[in-house]
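Okay everyone, thanks for coming. Have a look at the screen and I'll walk you through this one.

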Amino acid sequence: MNTAKKHKWLSICLAALAVVSLASCAQEDPKNLISREDGEKRAVNLFSPMEKIDPDAENVARTASDLTVAMAEEALGMTMVYRTYTAEDYQDKTYDEVCLDRARNDMDDLYLLNPDAIMALGAEGKLEDLSGLDSAKNLREIIRTANTVDGKLVAIPQEVVAYGLFVNKDLFDRYGLDLPETPEEFLECCRVFQENGIETPVGANRWWLETFVLAQAYADLYNGGNTQAEIEALNSGEARYSDYMRPGFEFLQTLIDRGYIDAEKALVSEAIEAEGPDFLAGKTPIVMAYWGAANTETAYGKTDFTMEVIGFPSSQGQMPVMPMTGWAVCSGAEHAQDAMKMLDVIISDEALQLYSEANRVISPSENVKVECVPALKPLNDRIEEGVYVLGSNAGMNVEQWGNTCQIVRLLLGGASVEECMAAFDELQDTALNQP
Amino acid sequence: MKGTPNKQKKRKGLSLLFSIVIIFGIFGTIVFAVSRRIAEEMSDAAIQSLSESLDLIQSTIEAILRSEAEFQTLIAQEIARAEDPEEYIRAYEKNQTMAKLSLILLGETEGVSNTGERFTEEGLDFSAGETVFGLPVSRSYLNYMGTWSYTIKCPVERDGQEIGTLYAEYVYDAIDRSLPDGFYNQEASLYIMDAESQRFVLKPKGMGQRSAGHLNLADFYRANNIQDPEIRAEVEGCLSAGRNLLFYHEIREVNALNYMWAVNGGTVFLVGYVPVEAIQKEGRTVNQSIMIVVASLLAAFFLCIILYYLNWRQQEKLRREQEEERRLHSQQLAEALRAAQIASESKTTFLSNMSHDIRTPMNAVLGFTTLLAKDAENPAKVREYTQKITASGQHLLSLINDILDVSKIESGKVVLSLEKFALNDVISSIDAIIQPMVKAKGQDFHLEVTGVRHEYLVGDATRINQILINLLSTAVKYTPEGGQIRLRIIGLKQRSSQYEHIRIEVEDNGYGMTPEYLKTIFDAFTRAENSTTNKVQGTGLGMAITKSIVELMGGTIEVFSEVDRGSLFRVDLELRILEEEADRRFWEQRGVSRILAVTGSRESRENMTALMQDTGVRLDACATVEEAVERLRGGGDCQMALLDWEDFGLQGAQSLREALPESVPMLILAEFDAEGREEALRLNHTDLLAKPFFVSALRAKAGELWNETDGTGVPEAEEAGSLAGMHFLAAEDNEINAEILTELLEIEGASCEIAANGRLAVESFQRSEPGEFDAILMDVQMPVMGGHEAAKAIRALDREDAGRIPIIAMTANAFAEDEKAALSAGMDAHVPKPLSMELLKKAIEQCSKREETG
């Protein structure tokens, strides 16, 4: 290009720049200075637990859940308002108690409920029937079974929560121990650990020791091929819950007696807060927790040792325990219908795919499949085999998850196994006497 | 001193750089100061804005609390007036603000609630002594609805007597309904904290992010990593004193204003943070705008610098070009001046030389004419003197011819006359001219022709002759006696099939030239030595003429020379090839299809084969006589044989002759002065063929042998006819010339009538009888009427012989153009002065022949 041409182009560019600059100065002032906004946004109140926050860790589970909520907000043009409660200590009301209070007083639209609250509120008719939602059609049968109360599907989870034993495989290997299959093998492992200077081999809190009991109590019931008949026997009073529960309580008693569990500490400890640091430090070889803890950095998502998640010891081998938490809509709430719509989006296949991929969990939808992290493989294998125990079952007339937790606390507080069994009998009798 | 300008330049550059740095420094400082001031003002504005917002929220909450307290007092008064206060309570329905209303009558520990159950003060903690407008307020607690609440108690007085205590439970959610849906575009976080328990009792909807520590103050600080002991101490101080607190702290890597704002005298606190950017949105825009303005200014500044630089570079380039042009111009002028000076000097030298060179023969002429007058009676002396006068005259003539040639070439008036010629003819004539010269100086002259494929060419043979003569005569001149001179004609690889690429090399082992002289050898008016001090005579124009002719022919000339080792002149020419169809027919007509050639040199054999290639004659080349004899005995057929004399001599010639059939002629290839060649000629049917070998020469010789003439060769100089008995009309204005002419014609037995100019000549012819004059000899430049006009006038005369009488131009204007002009004027021939009788005779004879043939 010759110089004259260059100059010509340069002049044209400068002129264009000048025109654009001048044009950008032009502006028309609106008469009304308040910008027009879309109509009032509808809001749905969600009551859910929130963990205490570690400033250095990202909470994956919350992030995944938030993503699905954001999806619903965008799809429906609504806003989800978060309300929460966390007990400051064991003396405070529990989250479940607060949930019951709030739901009974129609305080919130949506609740994230534990199995006992689902059972209780469902029985009271405080929860909406969700079976009509489009997304509910994709649910696995186990989800439907566990969350149906009086023929109504009252709650739907975003993940199938499975509890298992989180073990420090390196410590097991160091002492030449195989991972335990039965209660006896478990006790033997604890003995070896204790002999080798680990005074309290099992880290526990006031919430999750019930999983040992449930695994031993119902391993045969759920995996013996006669499930329905056995449940009917229990509901009719022909069989006693205490008979099922006894071996598990005796087992816990042994753990307490031999010092494999620190009962006093467990009774006042919140989940993960108390036992987590020692487990992560390699001092405690065994803790119990839910599936998501293996994926979450705030829990056990990042360990310096080889961690594996296995089922609880039982007569049927390693046994995953699966209670059903879930989202429920309060039927008397101000925005119940909007909450139903939100929930329909939150548990849609698309949202569950997003959720499951973020958290690497088992999805309640039959259509969503995600690979789990390696540590969870032993637990996942059992679930895939169809071997597990339900932590809660709305089909049983005595709520399992919450009641067992409460009665285990009695044991931790010094009650005998017999006293604990009497408590179960009382619950069963009360249930049988209800119209 | 040499480094000074550089140093100055460097110093200037440094001071310029320093100035730029200073300017930028000042500019940067101003921008920084302005930005900082704006930032400070924005920070103040942010603090003020947040304070105002929090004040507003505080006022709202306090207004709610006041209303609650006032409302409760009113109810207490109502209850006091009621007949059954407990019934009043039971009938009271709960509402959104008041979750529970209870009454304990004075003196009792248990009372009633509007929710139906019995009520005690158990679980309510009034120990902190906090109040709402004078009414005691309990510590916050989680009520039966699972939501945070507080209870205000109020005495129920009837007639000034307290009859009981009214307890009203209020839920914090009621406050939420009176607060805006978030502030600072929902980026701000806000909790309401119960001061006593430090529990967060309400997070109003739309306030802040979802993942903040939400449990209590400790959880909030832990979640947001606010661990600075000083801040924590300040917080404690504010909590106990019910003061407000604002401080900057990064929340998840975002700078934020954190606050604790006392409500109701410190019973409740507003706790949270606001990202500074959320408050200073306009500030960020202002900062961005400043940055954009600064960036635009900088961009404009640099753009200006770039434009200035480009312009400066352009100007500088232009200036340099002009300077270069001026320098070139000056240089050219200087060179031209120098050339003019040299030319002037050369011409001065030349004139001086010429003066000398012309005077020398002129001196001889005049001297000998004096002697001639003195010794007129002595015929021997007269002959000697006239011979010397003739020699001097000839030299003078060549000198003048050269000068004229140069002037013509320089003025671009030379035109090449392209015509067919045979290379052999050119070489033969050159050989004939040079041989006597080299013999006279006892030099050895050798002629070689190699690689030439075509010898019939088209070109200006005269000028080629001139080139060769110039080069060779120079070589002869500048080579001492006994020296060697080589002429090589080399056929180079053809660049085009239509042109023969010929290289002419003239090499000698003479004096050679200095490198300085080599540079000027082709310039006119130069000579190796000044003629006044050197015995070598010449005009010094030969080389200039040669170069000009070569270049006129599209060729190149080079010279290589070393002092005392000799010189080599190399001329490359491309000459158009002439079709040789006639040549092929010539051999066919004579039944010659095979020629036996015997030569020891492989190069010669190849050369001969190449030359014979297009003739249709097969050349059987043998390296030895024996081989040739063997071939003949073996039945080899041939119509002619060639034998190299230098290689085989007489013996070889005899052997070959014997082997050849009687009828087959044998030609001895020999240089023209080869010794003993006469003996060979005695052999039967044997003749000589001059070296170098050329087909044209062979053909001419073959023609002779077959007793024919083909007419294609150069015609032999014929003996010119006699002028005896002829009578001429001569127009000549110069009396001496007229007298010379008269005398010369008389010597030839002819006579003439002289006319002093053209007009007189025309008149004389007009007066004459038809046939009185055999021809008119016409000078060109004459007074009154010139030769051309006179010729035209004669041709225009109304006479029967006016059109056919031969008019011969006889002039000192001796160039081709002059000849052409003469012919155009109606003349028949052109004879240059000084007059050569031979040429005159030839011209007259040609005219006669033309007349005869009609």
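When I say helix or strand, I mean DSSP runs numbered from the N terminus, H or I with at least four residues for helices and E with at least two for strands. Ile272(A) has a positive phi of about 70°, although it is not a glycine.

Quick housekeeping. This is a predicted model, where local features need pLDDT of at least 70 and side-chain atom pairs count only at pLDDT 80 or more, while totals for chains, interfaces and linings use all residues. Residues are numbered from 1 along each chain as its sequence is written, chains are lettered from A and ligands numbered from 1 in the order in which they are written, and side-chain values use heavy atoms, with hydrogens and water left out.

Now, the interface. Chain A puts 27 residues in contact with 26 residues of chain B, contact being heavy atoms within 4.5 Å. About 2300 Å² is buried between chain A and chain B, and carbon and sulfur atoms give 56% of that; buried area is the accessible area (1.4 Å probe) that two parts lose on being put together, summed over both. On the chain A side, the elements giving two or more residues are helix 1 (3-25), helix 2 (60-76), strand 2 (78-84) and helix 3 (95-104). Strand 2 of chain A gives the most, with 5 residues.

Over to chain B, where there's an open sheet of 5 strands, in the order 22-21-23-24-25, with parallel pairing. Pairing needs at least two DSSP bridges between two strands. Strand 22 (618-622) and strand 25 (686-690) of chain B stand at the edges with a single partner strand each, so one side of each has no neighbour in the sheet. Further in, strand 23 (640-644) and strand 24 (666-670) of chain B pair over 4 bridges, and Asp644(B) has Leu669(B) as its bridge partner.

What about helices? Helix 14 (602-612) of chain B lies across strand 21 (594-598), strand 22, strand 23 and strand 24, at about 175° to strand 22. Those angles run from 0 to 180 degrees between N-to-C directions, with axes fitted to C-alpha atoms, for helices over the stretch in contact.

Last stop: the peptide bond from Lys691(B) to Pro692(B) is cis, with omega near -10°. Pro692(B) is found in the loop between strand 25 and helix 18 (695-705) of chain B.
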